[in-house]
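I opened this notebook to record what I looked up in one structure.

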Amino acid sequence: MTGFATTPVKGMRIHQVDSIELSRTGARGNRAFYVIDDRGRMVNGKVVRNLQVVVPDYDPDTDELLLTFPDGTRVGGRVTLGEPLQTQFFGRPRTTPEVIGPWAEAISAFFDRPLRLVATRTAVDRGIQATASLVSRGSLRRLAEQAECDTVDGRRFRMLIEIDGVAPHEEDTWVGRRVQVGPAVLKMHGHIGRCLITSRDPETAEVDLPTLELLAAYRREIDSTEPLPFGIYGEVLKGGTVRIGDPVTVQTPVPAGTR
């Protein structure tokens, strides 16, 4: 295990952390909130282009949430939940309580549009079967080679877990298998198809790398569950606290026709 990346507010700046506490709903405190517009629709970096320039910090033990904006403005306090709101999360209805406090006003002012913050158990795109995501640094190195640059910042892909010591894209073959990461056990269900968000610098939100073109150049014909795959997703079967340096073990596939 070589790294973890989380964010308490979906779409905002990703943090690199030393450990995560995994449960059925994913990493504790990760994507615990999301932003909605005046029609109740979830907004992310595709809708609010610079959302990732806001830096969120959240302590689930104290329920303290702090947002830091690029101009140095800091807005924080203890989270208080209001009435449940009917929201749309990727077009699917979801009832979530509104977060009461200074955050909505600050976010709305910064982005110059009416926005609110809501709380959720986990704001992951593909539901409970995708509360954990994983990519290898070998894959990142292969992409950097394709881009003819020294490195590619893994944060642009917003993956929960980074590992090393395997061949580029070897994780592709883990779909359908169980993967033990430290004390936790994951069941990997699919490949993660990529979108234009990955072309943006993870801190400035400026478009600086043609990731989709690069992936298409050598990954277009890959047999995968989603097009232009980079990394895989899965569910948490067994939780636990996972730390950098913990071993990663992949279940040996059972040959066809045997039990």
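The entries below begin with the basis of the model and then turn to the sheet and the cores.

I note that this is a predicted model, in which local features need pLDDT of at least 70, side-chain atom pairs count only at pLDDT 80 or more, and totals for chains, interfaces and linings use all residues. Residues are numbered from 1 along each chain as its sequence is written, and side-chain values use heavy atoms, with hydrogens and water left out.

Entry on the sheet. I found an open, antiparallel sheet of three strands in the order S4-S3-S18. Strands S4 (26-27) and S18 (240-243) are at the edges with a single partner strand each, so one side of each has no neighbour in the sheet. Strands are DSSP runs of E with at least two residues, and helices are runs of H or I with at least four, numbered from the N terminus. Two strands pair if DSSP finds at least two bridges between them.

I looked up how S3 (residues 19-23) meets S18: they pair antiparallel over four bridges. Leu22 has Gly240 as its bridge partner, and Glu21 stands opposite Thr241.

Entry on the cores. A nonpolar core joins buried Ala, Val, Leu, Ile, Met, Phe, Trp, Tyr and Cys residues through side-chain atoms within 4.5 Å. The largest has 24 residues, and helix H1 (103-111) gives the most, with four. A second, separate core of 20 residues includes Ala132 and Leu134.

Notes
Buried means under 20% relative accessible area, exposed over 50%, partly exposed in between (1.4 Å probe, protein chains only).
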